[in-house]
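Hello,

Here is the structure we talked about handing over. Please have a look, and then read on for what turned up in it.

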Amino acid sequence: MSEPTPVVVPLPPNMPQEQAPAWLNDVLPDLMRTGIVTDPEATAAALLEMTAFGIPEPAVACCALLLPDTTPLLVAVFASPGAGEAATLPSLLVDDTPGDNVIKRADETVDALGIRVFQASRVVSSFEDGENRLFLRGALAGTRPVNGVERDVCLYFTGTDIGDLPTAFWPLTSFLVGDLLPQLIQLGENA
């Protein structure tokens, strides 16, 4: 049996928190059918936490990336009004924060459906609450049409399971160049 395909779940922008359980009840059965969800309670808890977190400034939207056998990753979506900076956006988002010890650094460029996608990732060791913790930061960006205008679009994620890093980029690259992302950006900007 093959592994289930990763799934990107757009999170409704500006959803009142009291509506989150009903939204979850609508999407969870579809997610269960994909085979990606092995622990429905943990997935539901993570998705509800993400809806409570909201959309961080200056992101226009958020989504959750569900990978096999991991906790969903929160992904922030950024969209500039124009184009021309996509190559620099990922490293700006993931680069060193004071106090961080970068253990592994990777930058890569790939072509996906005619869009050049710039990727950057960092595995970081940070000292928090008396403990040394490992976590990852990843970002990818490309210039693509959104509502008829060429715009730089960037996806940023962070997580504590550094094993997610190698598997997170290909589904997010597909999402970046796909048809759903411009709709999510438009929905987020009009909310």
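Predicted model: local features only at pLDDT ≥ 70, side-chain atom pairs only at ≥ 80, totals over all residues.

C63 counts as buried, at 0% relative accessibility; here buried means under 20% relative accessible area, exposed over 50%, and partly exposed in between, with a 1.4 Å probe and protein chains only. C63 is in no disulfide, and the nearest cysteine sulfur, that of C62, is 7.3 Å away. C154 is in no disulfide either, its nearest cysteine sulfur being that of C63 at 12 Å. C154 is buried as well, with a relative accessible area of 2%.

Residues are numbered from 1 along each chain as its sequence is written, and side-chain values use heavy atoms, with hydrogens and water left out.

**The overall fold**

The protein chain has five helices and seven strands. These are DSSP runs numbered from the N terminus, with helices (H or I) of at least four residues and strands (E) of at least two. From the N terminus on, the order is β-α-α-β-β-α-β-β-β-β-α-α. The radius of gyration is 16 Å, which agrees with the value near 16 Å for a compact globule of 191 residues; that radius is taken over C-alpha atoms, and the globule rule is 2.2 Å times the number of residues to the power 0.38. The C-alpha trace spans about 50 × 40 × 40 Å along its principal axes, and 46% of the 191 residues count as buried.

**Strand β7 and its partners**

Strand β7 covers residues 149-159, and eight of its eleven residues are buried. It pairs with β6 (residues 131-146) in the antiparallel sense over eleven bridges, where pairing requires that DSSP finds at least two bridges between two strands. The bridge partner of L140 is L155 in β7. Strand β3 (residues 73-79) also runs antiparallel to β7, joined to it by five bridges, and A79 stands opposite V153.

**Two turns to look at**

β6 and β7 form a hairpin with two residues between them. N147 lies in that loop, and its phi is near 55 degrees, a positive value in a residue other than glycine. N147 counts as exposed, at 60% relative accessibility. L113, in the loop between β4 (101-112) and β5 (115-128), has a positive phi of about 50 degrees although it is not a glycine. L113 is exposed too, with a relative accessible area of 76%.

**The largest pocket**

The largest pocket has a volume of about 490 Å³. A pocket is an open set of points on a 1 Å grid over the protein atoms alone, where a 1.4 Å probe fits, with protein on both sides within 12 Å along at least five of seven lines; lining residues have an atom within 4 Å of a point. The lining has 19 residues, and M50, P72, L73, L74 and T158 lie nearest the centre. α2 (40-53), β3 and β7 each supply at least two lining residues.

How values were computed: Disulfide = S-S within 2.5 Å. Points joined across faces, edges and corners; volume = space filled by probe spheres on them.
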